[in-house]
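Here are my notes on the model, as numbered points. Please read them with the structure open.

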Amino acid sequence: MANTVPAPGARIIVRDAQWLVRKVERTQGNGHVVHAIGLSELVRDKEAQFLTRADRIVVMDPAETTLVQDTSPNFRSSLLYMESLLRKTVPTDDKIYCGHKAAMDSVPYQLDPAALALKQPRQRILIADAVGLGKTLECGLLLSELIRRGRGRRILVVTVKSMLTQFQKEMWSRFSIPLTRLDSVGLNRIRTTIPTNHNPFHYFDKSIISVDTLKQDSEYRVYLENAWWDAIIIDEAHNVAERGKAKSQRARLAKLLASRSDSLIMLSATPHDGSAQSFASLMNMLDPTAIANTDKYGPEDIRGLFIRRFKKDIKHQVRSEFKERVIQSVKSPASPAEEAAFEALANATFAKLDTKRGASQLFRTVLEKALFSSPAACAKTIENRIRKLEAAGGIDDLADIAELKAIQKAVSAVNEQDFSKFQRLVQVLTDKDGHFHFTGKAFDDRLVIFTERIETLEFLNKHLPKVLQLTDKQVTTLRGDDPDTRQQEVVEEFGKDQSPLRLLIATDVASEGINLHYLCHKMVHFDVPWSLMAFQQRNGRIDRYGQTRTPYIAYLMTDCQTPKIKGDVRILELLIQKDEEAIQNIGDPSAFMGVYDIGEEERITAAAIEAGKTAEEFEQSLQQPQVEDDIFAMLTAAVTPGDASKAEQQPLTGTMPSLFASDFEYAREAFKLLNMDASVNTQDRSIVIPLTDELKYRFRHYPSEVMSGRKSFMLCDDKNIIQQEIARSRKEENAWPSIQYLWEQDPLVQWISDKAISNFRRLEAPVLPLSRLSKDEAIFLISGLIPNRKGHPIVQNWFGCHTQAGSFKGFLSLEDVMGRTKLGIEKLANTGTVVQTEPLQKLLPGIIAQAKRYMHDQRSEFEKRINPLLQEQLQRLSSLHNAHLGQYLLDDTLPQVTKNKNEVRRRETNKLFDEYKAWIKDTLETEDSPYIKIIAVLTAGGE
C-alpha cells in the first residue's frame with residue numbers, strides 16, 4: 001500500500017521508521033503533506049512532515065497484522081492500547097463532544113455558537129453576543145471541538161493589545177490550548193531564539209498577537225502571507241470592518257487573514273455600525289461567496305454565519321450568574337467659579353471656529369464636552385487651539401483668540417476646591433453608608449473610574465489618592481498610549497488578590513474586552529459618555545458573566561444653573577435612562593440611535609446639543625429610524641437565540657465510547673502499565689509528572705508562561721479544584737495556574753495516549769481470551785475509516801466481525817461488542833488461558849474483506865445523505881456565482897476603464913468560486929478505499 005494517501009490515525013512506514021499520522025493537507029498539484037509523530041525507537045515523539053510526491057509512504061497492510069495474546073493483569077495493556085486508539089477516533093457528525101467538558105461552568109446558550117458552526121461545511125462564524133456573555137469561553141469551546149476533530153493543530157489569535165494575556169490565559173487554563181504570546185517582548189525573544197530566516201508563524205503552531213503589531217510590522221505581514229492555519233480567531237472584530245470606500249489597515253489585514261485558514265472565528269459585542277456595507281464586509285470575510293450585492297442582502301444570505309444574543313435572551317439559563325446592577329446618578333451643584341466658566345462658555349460666539357468647513361461639531365460643543373469632563377481638560381483644549389490660531393497668524397482669527405482667552409481665564413479660576421464634581425466624587429467614595437464606600441483596605445475593595453480625557457485622568461491620578469489616603473502602589477492608570485506590555489500588566493495586577501492595586505483610573509482603552517470583575521464590582525463614570533455603545537462597553541467590564549457581587553455603577557454630572565448647560569445635562573441623563581431601558585428590554589442600547597458606531601452616536605448627541613433640543617425632543621428623535629437599512633432587524637431575523645439548539649430537536653452534545661470510567665482512571669492505569677515516574681493521589685484525583693527531557697523536547701515550543709521554571713506538571717480532573725486554582729492563581733506573582741485540568745484535550749494526556757499506543761509493536765494486535773464468549777467464538781474488533789479527498793476522516797467506525805468456528809456470522813456495533821463481552825464495563829480477569837492464535841491468524845484475509853464490504857456500505861449510506869447536500873451546495877454556489885458576475889457588466893456602452901476593472905473583478909470572482917467549489921468537493925467527496933485496522937481479537941477463554 002505504498003503512497004496511498006493515509007488518513008489521520010493510520011500507522012505508516014517512512015524512511016524505515018514507523019509513524020502515526022496526525023493530519024493530512026493537500027498541496028498544489030494534487031500532492032499531500034502528511035504530518036506525523038514518531039513511534040519507533042529512533043524517532044519516538046519526533047514530529048515530521050512528509051510529502052507524498054517526495055517520500056515513499058507505506059500504509060501498513062492490515063492483512064499482515066500479527067495477533068499477540070495479552071498476558072497483562074486484567075488485560076491492562078490491551079485496554080490502554082484500545083482506549084488510546086479510541087481517543088484518536090475523530091467525531092464525524094456535528095455534535096459537541098468535548099468543549100462543554102472544559103474547566104468552566106458550561107451553560108446551554110454557550111453551546112449554540114459551536115453547534116451552529118459545526119453544521120456548516122466550514123467552521124466560519126461571527127460570535128456577536130452582547131458585552132459580558134462570555135464570547136471568549138464560547139470561542140474556546142468551538143476551538144476545542146476543532147482540535148478534537150484534527151482541525152485545530154495550527155491556531156492564530158488576533159486581538160487588541162490589552163487582551164493578549166487575558167485571552168492567552170483563558171485558553172490555556174480552561175481549554176488546555178497553549179498560545180505563544182507575540183507581544184513586543186515576545187517578538188524580541190523570538191527574534192533571538194529562532195533562525196533569522198524562519199517564519200515565526202511556522203515555528204509556533206499556536207500563537208496570539210495584537211492586531212496593531214501585525215498592521216505596523218511589515219516583516220510580520222510578509223510572514224502572514226506565507227503561512228496557513230487551521231483556525232484563525234479575530235477578537236473585537238468590529239475594528240476590522242470596512243468603513244466606507246476607504247479600507248483601513250486593519251480591514252486589509254483581516255481580509256488577508258480570512259484567506260489563510262479553513263476555520264475563522266470572529267468575536268464582537270458591537271458587530272456593525274448601521275451600515276449594510278460595513279457588516280457585509282465581515283460576512284464576506286467569513287464567506288466571500290455569500291453576498292453578491294453588499295448594498296442589498298437579506299437574512300437568508302447570511303444565515304449560519306453569525307449568532308447574536310443579549311442578556312435578556314439567556315437570563316433564564318444563568319439566573320445565579322448575572323447580578324442585577326444598581327445605577328446611581330450623582331449630581332453636584334456647580335460652584336460659583338464653575339457657574340462663571342459655564343456662563344462664559346454658553347455666551348461665547350466664535351466668528352470663525354464655529355463656521356469652519358469640515359468640522360463635525362461646533363467648537364463650542366467641543367469645549368462644553370471638555371468642561372463636562374474637567375477644567376483641566378477644557379483648559380488644555382483651549383490652550384491647543386489658541387496655539388494653532390496664533391501660529392496661523394490670520395487677522396480674522398483674532399476675535400476667536402480673544403473669546404478663547406476669556407473662557408480660558410474663567411476656566412483657570414476653577415481650582416481643586418471649586419471643582420464640584422471632584423468634591424462630590426470624594427463624598428461618594430467616603431460615605432460609609434453608601435454603596436460606593438471605598439477604603440482600598442480589603443483585597444476585593446477595588447474601583448474603576450472611567451474618563452474620556454487624558455487631562456482629567458492625570459488630575460484624578462494626582463489629587464484623588466491624597467484625599468483617599470492611598471499609596472502610589474494602590475493607584476494606577478490605563479490609557480491608550482501605554483505600551484502593550486504595560487496594558488497587560490495593569491489588567492493582570494487589577495485581578496490579583498495579592499496585588500496592592502485598588503484604584504484604576506482609565507480612559508476608554510479599558511472599555512474593550514478586558515475582565516475587571518474578578519475583585520471589582522464598583523465603577524464610576526467620571527465623564528458621562530455621549531454614546532450609548534460606550535455605556536455598554538464600559539459597564540460590561542464589571543457587569544458580566546462570572547460577576548459574583550452586585551455591580552454598582554455611578555454617573556457623575558455637574559448641576560449647573562445656566563439654562564443652556566442645564567438642558568444639555570438633561571440630555572446626558574436621558575442617555576443613562578435609555579441604556580437602562582435597553583438592558584431590560586431590547587438588549588442593545590445602540591438600537592436607539594441606529595448608527596452602531598461610537599463616533600456617530602457622539603455626533604448625534606452633539607448635534608442635539610448644538611440645536612438646543614430639549615431632552616424630550618431628543619428622546620422623540622431617538623425613536624425614529626436613523627438609517628435606511630435596519631441592520632439590527634436583519635441581525636435578529638438571521639439567527640434567533642436558541643435556533644442552533646432547537647434544530648431538529650437533536651441533542652447538541654454526544655459522547656465518544658470509552659473503556660475507562662474517566663480520564664483520571666485512564667491516566668492512572670497508563671502510568672502503572674508504562675512504569676512511568678508519576679505520583680498519583682487517588683483521593684484528590686491528581687497526578688504529578690516530572691518534567692523529563694522527553695517532555696521538555698515535546699513541549700519545547702510551548703509558551704514560556706507555561707514552561708518557565710517548571711520542574712513538574714500537576715493534573716487534576718476535578719473542575720471545582722481547577723476553577724479554584726484559576727481564581728487562586730490571580731493572587732500569585734505570575735498569575736498562572738499551577739494545576740492543569742486533566743481531560744482528553746490536555747497535552748500531557750495526549751502524550752500518555754501516544755505512549756500507550758506504542759505499547760504494541762508495528763502491525764500487532766492483542767488477543768483477549770474472555771469467559772463470556774463461547775467455544776470457537778471470536779470477535780475481531782475493527783476500526784474502519786474513509787477519508788475525504790483532503791485526507792480528513794469523513795466516516796469512521798469501530799465495529800466487530802463476529803465468527804463462530806471459523807465462519808463469519810455478521811457485524812456487531814462497538815456498543816454490542818462491549819455489551820456482550822463487558823469490555824470496559826466490568827473488570828475482566830485474565831486467567832492466563834493459552835489461546836491458539838494460528839487459526840485466528842488464518843481468518844484475517846477474510847475478515848478484512850468483510851470489513852471493507854462493511855465500510856463500502858457505510859460509504860454508500862454516507863453518500864446517500866451527503867450527495868443531496870453536496871448538489872444543493874453546488875447549485876447555491878452556481879446561483880451566487882452568477883449573481884456576483886452580474887455586478888461586473890462588460891457592456892460596450894461602459895467606459896473602457898470601467899470595462900477593464902470589471903474584467904479583472906470577473907476573473908477574481910471566477911477564481912474565488914472555482915476554488916470554493918473545489919474545496920466543497922474535496923471536503924465532502926470520498927473514494928472507495930477505506931483504511932482498515934485490526935484493533936484486537938476477543939475470543940473464548942478464561943473460566
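1. Start with helix α13 (residues 336-346) and helix α14 (residues 363-373). In this predicted model, their axes lie 10 Å apart and the packing angle is about 165°. Angles over 145 degrees count as roughly antiparallel, and α13 and α14 are therefore roughly antiparallel to each other. Their crossing is left-handed.

2. Which residues make this contact? From α13 come Ala 341, Phe 342, Leu 345 and Ala 346. From α14 come Arg 364, Leu 367, Glu 368, Leu 371 and Phe 372. By class, the contact of α13 with α14 has seven nonpolar residues, two charged ones and no polar ones.

3. α13 also packs on helix α16 (residues 398-412). The axes of α13 and α16 come within 8 Å and cross at roughly 165°. α13 and α16 are therefore roughly antiparallel to each other. This crossing, too, is left-handed.

4. Now the residues between α13 and α16. α13 contributes Ala 337, Ala 340, Ala 341, Ala 344 and Leu 345. α16 contributes Ile 407, Ala 410 and Val 411. The count is eight nonpolar, no polar and no charged residues. Note Ala 341 and Leu 345 of α13: they are listed in the contact with α14, and they are listed in the contact with α16.

5. Next, the nonpolar cores. The largest has 139 residues. Leu 143 and Phe 167 have the most contacts inside it. Helix α21 (residues 563-584) gives the most to this core, with eight residues. A second, separate core has 52 residues, including Met 82, Ile 757, Trp 798 and Leu 938.

6. What does Phe 167 touch, beyond residues up to four places away in sequence? The list is Thr 136, Cys 139, Val 157, Leu 179, Ile 208, Ile 233, Asp 235 and Leu 267.

7. Thr 909 is found in helix α33 (residues 896-924). Is Thr 909 buried or exposed? Its relative accessible area is 7%. The cut-off for buried is under 20%, so Thr 909 is buried. Not counting residues up to four places away in sequence, Thr 909 touches His 881, His 884, Leu 885 and Tyr 888.

8. Glu 225 is found in helix α8 (residues 218-225). With 40% relative accessibility, Glu 225 counts as partly exposed. Leaving aside neighbours within four places in sequence, Glu 225 is in contact with Leu 256 and Arg 260.

9. Thr 66 lies in strand β6. Thr 66 is partly exposed, at 39% relative accessible area.

10. Gln 120 is found in the loop between α2 (112-118) and β7 (124-127). Gln 120 is partly exposed, with a relative accessible area of 25%. Gln 120 and Gly 304 are 184 residues apart along the chain. Their C-alpha atoms are separated by 7.3 Å.

11. Two backbone angles deserve a look. Phi of Asn 74 is near 55°, a positive value in a residue other than glycine. Asn 74 lies in the loop between β6 (66-69) and α1 (76-87). Asn 74 is partly exposed, with a relative accessible area of 27%.

12. The other is Arg 685. Phi of Arg 685 is near 55°, again positive in a residue other than glycine. Arg 685 sits in the loop between β20 (679-681) and β21 (686-690). Arg 685 is partly exposed, with a relative accessible area of 26%.

Key
Residues numbered from 1 in each chain as written. Predicted model: local features only at pLDDT ≥ 70, side-chain atom pairs only at ≥ 80, totals over all residues. Heavy atoms only, no water. Axes fitted to C-alpha atoms, helices over the stretch in contact; angles between N-to-C directions. Helix = DSSP H or I, 4+ residues; strand = E, 2+ residues; numbered from the N terminus. Parallel < 35°, antiparallel > 145°, perpendicular 65-115°, else oblique. Left-handed = near helix turned anticlockwise from the far one by under 90°. Contact = heavy atoms within 4.5 Å. Nonpolar A, V, L, I, M, F, W, Y, C, P; charged D, E, K, R; others polar. Core = buried A, V, L, I, M, F, W, Y, C linked by side-chain atoms within 4.5 Å. Buried < 20%, exposed > 50% of the residue type's maximum accessible area, 1.4 Å probe, protein only.
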